[in-house]
Amino acid sequence: MGGTVITYGTFDMFHIGHLNLLRRLAGMGSRLIVAVSTDEFNAGKGKRTLIPFEQRAEIVRSIRYVDEVIPETNWDQKIDDVQRYGVSTFAIGEDWRGHFDFLARYCEVVYLPRTEGVSTTDLKRSLNRFCSVSREDLLHAFDVLEALRKDFG
């Protein structure tokens, strides 16, 4: 088995795609470090998370495939992280393909396929659609469900 693997991510609304990624990464080395992006770093990217950094970091730290969690506070920390932690492999989802090729001078760079049909972006879109439904429409939907329950119950 290889050496230390590192990855970076927000891990907001932790889902099966995140777990699959961490499982695959753990299988690529003997040690997995996950850099979880801080709320401040995300805000600088114009990104707002639903779950605060401390909770996202704790969720990731609790995954059995993860050996260490560090904060991701800026774009430029990756070379320093690779050198500081003796990283042999940098890996991240294929949606970032090409963005981190500059790290190939320091370690192997791997882009992994995403889990089909699951993404935090899709979950947030679904949640936004649900939250945009008016109170009256929700109450009407419950009335319809209650009528159906009576008809079939």
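Let's start at Asp-101, which sits in the loop between β4 and β5. Helices (H or I, at least four residues) and strands (E, at least two) are DSSP runs here, numbered from the N terminus. Keep in mind that this is a predicted model: local features need pLDDT of at least 70, side-chain atom pairs count only at pLDDT 80 or more, and totals for chains, interfaces and linings use all residues. Residues are numbered from 1 along each chain as its sequence is written, and side-chain values use heavy atoms, with hydrogens and water left out.

Back to Asp-101: this residue is partly exposed, at a relative accessible area of 44% (buried means under 20%, exposed over 50%, partly exposed in between, with a 1.4 Å probe and protein chains only). Setting aside neighbours within four places in sequence, Asp-101 is in contact with Val-109 and Tyr-111, where contact means heavy atoms within 4.5 Å. Arg-135 is another story: 34 residues along the chain from Asp-101, with 49 Å between the two C-alpha atoms.

Now for the rings. Rings of Phe, Tyr and Trp (its six-membered ring) pair if their centres lie within 6.5 Å; planes under 30 degrees apart count as stacked, over 60 as edge-to-face and the rest as tilted. That rule gives seven aromatic pairs. Phe-90 and Phe-100 make a tilted one, 5.1 Å from centre to centre and with 50 degrees between the planes. Phe-90 belongs to strand β4 (residues 87-93) and Phe-100 to the loop between β4 and β5 (108-112), so the pair ties together parts ten residues apart in sequence. Phe-90 is buried, at 0% relative accessible area, and Phe-100 is buried too, at 5%. Ring pairs also link a cluster made of Tyr-8, Phe-41, Trp-75, Phe-90, Trp-96, Phe-100 and Phe-102. As for Tyr-8, the charged end of Lys-78 sits over its ring, 4.4 Å from the centre; the test is NZ of Lys or CZ of Arg within 6 Å of the ring centre and within 35 degrees of the ring normal.

On to the sheet. Five strands form an open, parallel sheet in the order β3-β2-β1-β4-β5, where two strands pair if DSSP finds at least two bridges between them. β3 (68-72) and β5 stand at the edges with a single partner strand each, so one side of each has no neighbour in the sheet. From one strand to the next, the twist averages 25 degrees; axes are lines fitted to C-alpha atoms, for helices over the stretch in contact, and angles run from 0 to 180 degrees between N-to-C directions. Parallel strands β4 and β5 are joined by five bridges, and Ile-92 has Tyr-111 in β5 as its bridge partner. Helix α1 (residues 16-26) packs on the sheet, touching β1, β2 (31-37), β4 and β5, at about 145 degrees to the direction of β2. Helix α3 (residues 53-61) packs on the sheet as well, touching β2 and β3, at about 165 degrees to β2.

Finally, the cores: a nonpolar core is a set of buried Ala, Val, Leu, Ile, Met, Phe, Trp, Tyr and Cys residues joined through side-chain atoms within 4.5 Å. The largest has 19 residues, and those touching the most other members include Leu-22, Leu-32 and Val-66. α1, β2, α3 and β5 each supply at least two of its residues, with the largest share, four residues, coming from α1. Apart from this core lies another, of 15 residues, among them Ile-6, Ala-35, Val-82 and Tyr-111.
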